[in-house]
Amino acid sequence: MTAKPCPGPCNNAWRRAEQQLANEGSPHDIPVTWGKPTHCIRCTDGAHTQIAELPELVAAISLEAVNGTAPKTTGTIGRTANPTWPGQAARILTEHIVEGLLGLEDVIRVGRSLPARDARGREGADVTASATFLRAHLHWALERYPGEADPASGETMDPAALIRHWHRGAERFTRRDARLEHHRVPCPRCELLTLFREDGDDYISCRNIACELLLTPAEFKEHTEKLARRHDLAKAA
Ligand SMILES: [Zn+2]
Ligand SMILES: [Zn+2]
């Protein structure tokens, strides 16, 4: 099998430079990281570590749900059409990750002609069992994907990218990502208190992975000013 450039984050700078080369003809000297054969060793190791850490991270998200993470916006004018309750963001994120893990497990079971997963039905048990299964089959899955379409959706998928996405969402949620600045105003789209700016990043992004809204600093400023005006109106009423 011939080696391909690793699809992982190790090649982010190289992909950007290649895009510029294609668009503007500007040459670059950024080296490419080759896959072995698909993903490079570092990205492969990263996926293994992340999948091993996921059960504990998902448990930590549930604890935040118990403690409450998203106090409701008060005031009549600012009231939302979809009221939030403490722990709603935790619920959304947990379901997103659990469904994703089970979905990836199912695709691998079909691809390897393995018997269908037992109906387990308890979230904690599901996460643990799925993560154990995925660790055992990750090498196979990483070599085979991306490039092969998921039989159900027809979409090509990269298990390493999925695992990275879940892990990052969980890490951000449980505030283990120290590079983040938390903006304590509700997201204009999902209304949760989930707006963050990453160190060195120009954008403010929503960490609710069912939303993932991106705001420019100007949009964010406009949003906070609008909220402040609403707040003043509510007080005056
Ligand atoms: Zn890589
Ligand atoms: Zn949002």
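Reply: Let's begin with the way α3 goes past α5: the crossing is left-handed. A crossing has that name if the near helix is turned anticlockwise from the far one by less than a right angle, and it is right-handed if the turn is clockwise. Please keep in mind that this is a predicted model, in which local features need pLDDT of at least 70 and side-chain atom pairs count only at pLDDT 80 or more, while totals for chains, interfaces and linings use all residues. To find your way, number residues from 1 along each chain as its sequence is written, with chains lettered from A and ligands numbered from 1 in the order in which they are written.

Two packed helices are described by the angle between their axes and the distance between the axes. For helix α3 (residues 88–111) and helix α5 (residues 159–173), the axes come within 11 Å and cross at roughly 160 degrees. That angle makes α3 roughly antiparallel to α5. Axes are lines fitted to C-alpha atoms, for helices over the stretch in contact, and angles run from 0 to 180 degrees between N-to-C directions. Under 35 degrees counts as roughly parallel, over 145 as roughly antiparallel, 65 to 115 as roughly perpendicular, and the rest as oblique.

Who does the touching? From α3 come Leu-93, Ile-97, Gly-100 and Leu-104, and from α5 come Pro-159, Leu-162, Trp-166, Gly-169, Ala-170 and Phe-173. Residues are in contact here if their C-beta atoms, placed from the backbone, lie within 7 Å. Sorted by class, this contact has 8 nonpolar, 2 polar and no charged residues. Ala, Val, Leu, Ile, Met, Phe, Trp, Tyr, Cys and Pro count as nonpolar, Asp, Glu, Lys and Arg as charged, and the others, Gly among them, as polar.

Now stay with α5 for a moment and look at Pro-159, which lies in that helix. Pro-159 is buried, with 22 other C-beta atoms within 10 Å. Buried means 20 or more other C-beta atoms within 10 Å of a residue's own, exposed means 12 or fewer, and partly exposed is in between, with C-beta atoms placed from the backbone. Leaving out residues up to four places away in sequence, Pro-159 touches Leu-104, Leu-138, Ala-141, Leu-142 and Tyr-145. Along the chain, Pro-159 and Ala-47 are 112 residues apart, while their C-alpha atoms are separated by 8.4 Å.

Arg-172 is also part of helix α5. Arg-172 counts as buried because it has 21 C-beta neighbours inside 10 Å. Its C-alpha is 6.9 Å from that of Arg-207, which is 35 residues away in sequence.

Next, see what α3 does with α4. These two helices pack at about 50 degrees, with axes 9 Å apart, and are therefore oblique to each other. Here too, α3 makes a left-handed crossing. On the α3 side the contact includes Thr-94, Val-98, Leu-104 and Ile-108, and on the α4 side it includes Val-127, Ala-131, Leu-134 and His-137. By class, the contact of α3 with α4 has 10 nonpolar, 4 polar and 4 charged residues.

A nonpolar core is a set of buried Ala, Val, Leu, Ile, Met, Phe, Trp, Tyr and Cys residues joined through C-beta atoms within 7 Å. The largest one has 38 residues, and those touching the most other members are Ala-47, Ile-51, Leu-54, Val-58, Ile-61, Leu-93 and Ala-170. The elements giving it two or more residues are α2 (41–67), α3, α4 (123–144), α5 and β3 (204–206). Leu-54 touches Val-127, Ala-131, Trp-166, His-167 and Ala-170, not counting residues up to four places away in sequence.

Where does α3 lead? Ser-113 sits in the loop between α3 and α4. Although Ser-113 is not a glycine, its phi is positive, at about 50 degrees. With 6 C-beta neighbours inside 10 Å, Ser-113 counts as exposed.

Helices (H or I, at least four residues) and strands (E, at least two) are DSSP runs, numbered from the N terminus. Of the 237 residues, 27% are buried.

Methods
Contact = placed C-beta atoms within 7 Å.
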